[in-house]
Amino acid sequence: MKTSSGDGTTIGYDLLGSGRPVVIVGGALQGRASYRPLAEVLAARFTVFNYDRRGRGDSGDTAPYSVEREVEDLAAVIAAAGGFASVYGHSSGAGLVLHAAERGLPIDKIVLHELPFDPDEDDRATREEAEKYRLLLDEGRRGDAVELFLASAGMPPEIVAHVRNDPAMVANAPTLLYDPFEVMSTESRGCRTPVEQADAVTNPALVLAGTESPPWMVNTARELANALTQGKLHVMEGQGHVVPPELLSPVLTEFLAT
């Protein structure tokens with residue numbers, strides 16, 4: 001299915017199940033196919049809108065990119081859901097959800113799953129890293145850009161070697177300039193940290209982290225939960241950044257269904 005964003009960009013999505021509407025917002029590089037297994041499990045209790053973010057899959061990518069346009073994309077999906085929905089965001093997708101909630105989109109509840117904010121990151125180093133990706137993409141080296149991102153995220157080399165050639169990942173490579181360097185940028189938050197940004201969000205919120213993730217990611221989740229007006233922290237024992245749908249869905253259902 002498809003809808004149109006505020007600037008006319010086509011946004012493709014899958015519609016599954018019945019019940020209260022829930023929108024899934026994916027992380028960096030990933031299209032809706034990556035979240036299809038989770039969407040299918042959640043569809044037993046909810047109407048699930050699983051969409052391709054701008055520049056991925058069946059969605060368009062009108063230039064120039066801006067976080068505001070991505071927020072408008074999410075607003076269009078929520079409108080297709082009937083004008084009001086809960087939203088689950090994974091990784092940098094959680095960063096986009098935080099932007100949307102602060103801007104007052106018609107959202108019931110939000111779930112922020114391991115928003116990747118490291119307080120020790122240096123803005124200058126981030127800008128230099130962004131330039132590396134820009135050069136690779138300008139040279140048409142999409143596979144190398146995917147490899148650089150996955151390796152920097154700590155993915156095992158044997159998996160990186162396989163995924164860097166995945167056609168969907170390679171097709172989505174240009175969006176690597178969006179998530180780490182726009183959605184998660186200091187500028188996009190008005191020179192605030194995500195924790196400071198969360199202070200303005202009043203939606204009921206569940207913040208998720210796993211004990212197998214880096215300590216800074218768990219600490220960020222804890223600080224976000226404390227800063228949110230109605231924030232609740234849930235740390236998943238023995239889990240890392242990607243949680244199997246059969247383990248994640250009961251946690252989401254308990255929060256979203258009440």
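The model is predicted: local features need pLDDT of at least 70, side-chain atom pairs count only at pLDDT 80 or more, and totals for chains, interfaces and linings use all residues. Residues are numbered from 1 along each chain as its sequence is written, and side-chain values use heavy atoms, with hydrogens and water left out. The count of salt bridges comes to 19. Aspartate 179 has salt bridges to arginine 53 and to arginine 56.

**Terms**

- Helices (H or I, at least four residues) and strands (E, at least two) are DSSP runs, numbered from the N terminus.
- Two strands pair if DSSP finds at least two bridges between them.
- A residue is buried under 20% relative accessible area, exposed over 50%, and partly exposed in between (1.4 Å probe, protein chains only).
- A salt bridge is a side-chain nitrogen of Lys or Arg within 4 Å of a carboxyl oxygen of Asp or Glu.

**Strand pairing**

- Strand β1 (residues 2-4) pairs with strand β2 (residues 10-17). The sense is antiparallel, over three bridges.
- Serine 4 stands opposite threonine 10 of β2.
- The hairpin of β1 and β2 has five residues between its strands. Glycine 8 in this hairpin takes a positive phi near 90 degrees.
- β2 also runs antiparallel to strand β4 (residues 46-51), joined by five bridges.
- Which residue of β4 is the bridge partner of tyrosine 13? The partner is tyrosine 51.

**Aspartate 179 and its arginines**

- Aspartate 179 meets arginine 53 in a salt bridge, at 2.8 Å from N to O. This pair links distant parts of the chain, 126 residues apart. Aspartate 179 sits in helix α8, and arginine 53 in the loop between β4 and α2 (67-80).
- Aspartate 179 also meets arginine 56 in a salt bridge, at 2.9 Å from N to O. Arginine 56 lies in the loop between β4 and α2 and aspartate 179 in helix α8, so the pair ties together parts that are 123 residues apart in sequence.
- Are these side chains buried or exposed? Aspartate 179 is buried because its relative accessible area is 0%. Arginine 53 counts as buried because its relative accessibility is 1%. Arginine 56 is buried too.

**Other salt bridges**

- Arginine 124 forms a salt bridge with glutamate 128, with the closest N and O atoms 3.5 Å apart.
- Why are these two about one helical turn apart? They are four residues apart in helix α4 (residues 123-138), which gives that separation.
- Arginine 124 is exposed, with a relative accessible area of 58%. Glutamate 128 counts as partly exposed, at 45%.

**Surface charge**

- Asp120, Glu121, Asp122, Asp123, Glu182 and Glu187 gather in a patch of negative charge on the surface.
- Patches are made of residues with over 30% relative accessible area and no salt bridge; like charges are joined within 9 Å, nonpolar side chains (Val, Leu, Ile, Met, Phe, Trp, Tyr) within 5 Å.
- Accessible areas come from the Shrake-Rupley method with a 1.4 Å probe; for residues, only the protein chains shown count as cover.
- Lys and Arg count as positive and Asp and Glu as negative, while His and the chain ends are not counted. A charge is placed at NZ of Lys, CZ of Arg, CG of Asp or CD of Glu.
- Glutamate 187 is in the loop between α8 (179-183) and α9 (194-198). Glutamate 187 counts as exposed because its relative accessibility is 58%.

**The loop between β4 and α2**

- Proline 64 is found in this loop. The peptide bond from alanine 63 to proline 64 is cis, with omega near -5 degrees.
- Aspartate 61 lies in this loop as well. Aspartate 61 is partly exposed, at 35% relative accessible area.
- Aspartate 61 and glutamate 131 are 70 residues apart along the chain, and their C-alpha atoms are separated by 20 Å.

- Leucine 29 has a positive phi, near 75 degrees. Leucine 29 is in the loop between β3 (20-25) and α1 (36-42), and is buried at 2% relative accessible area.
- Serine 91 has a positive phi near 60 degrees. Serine 91 lies in the loop between β5 (85-90) and α3 (92-102), and counts as buried at 11% relative accessibility.
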